[in-house]
Amino acid sequence: MEEDSYTLRGTRLESRTSYIDGVGWYNAPYDWAYADNYGPNTFRISDAVHAAGQPVELKFIDFVKVQTGVQAMAGILGEVSTEVLAIRDYHMVREQ
């Protein structure tokens, strides 16, 4: 990089990582719609919003970018990251 500085833009979530005496490091879940959350880990296209946070109606998604939106000290955990086990279009899944 030849520039003296650069700017990154995006969303940064407030860290929910904390140390609990007698237990250790803990990553508390977010309310909804984030990977690594507890409970149903789902993204619904109907939850899509534009940059200002207003709902937007999408007919389809061409691709999905997964990235970590948290930066936190996590002691022995070492880091906080986004881990996704699967991505599935439920419109294409046959009910059994």
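This briefing describes the overall make-up of one chain and then turns to a few of its residues. The model is predicted, and its chain of 96 residues has 10% of them counted as buried. In secondary structure, the chain comes to zero helices and two strands.

**The chain as a whole**

- When contacts in the chain are taken between residues at least 6 apart in sequence, 34% of them join residues that are at least 24 apart.

**The aromatic pair**

- A search of the whole structure finds one aromatic pair, and this pair is formed by Y19 and W25, whose arrangement is edge-to-face, with 5.5 Å from centre to centre and 65° between the planes.
- The arrangement counts as edge-to-face because the angle between the planes, 65°, is over 60 degrees.
- Y19 has a relative accessibility of 47% and therefore counts as partly exposed, while W25, with a relative accessible area of 30%, is partly exposed as well.

- Leaving aside residues up to four places away in sequence, R12 touches G69 and Q71.
- For R12 and Q71, which are 59 residues apart along the chain, the C-alpha atoms are separated by 7.8 Å.

Key: Residues numbered from 1 in each chain as written. Predicted model: local features only at pLDDT ≥ 70, side-chain atom pairs only at ≥ 80, totals over all residues. Heavy atoms only, no water. Helix = DSSP H or I, 4+ residues; strand = E, 2+ residues; numbered from the N terminus. Buried < 20%, exposed > 50% of the residue type's maximum accessible area, 1.4 Å probe, protein only. Contact = heavy atoms within 4.5 Å. Phe/Tyr/Trp six-rings, centres within 6.5 Å; stacked < 30°, edge-to-face > 60°.
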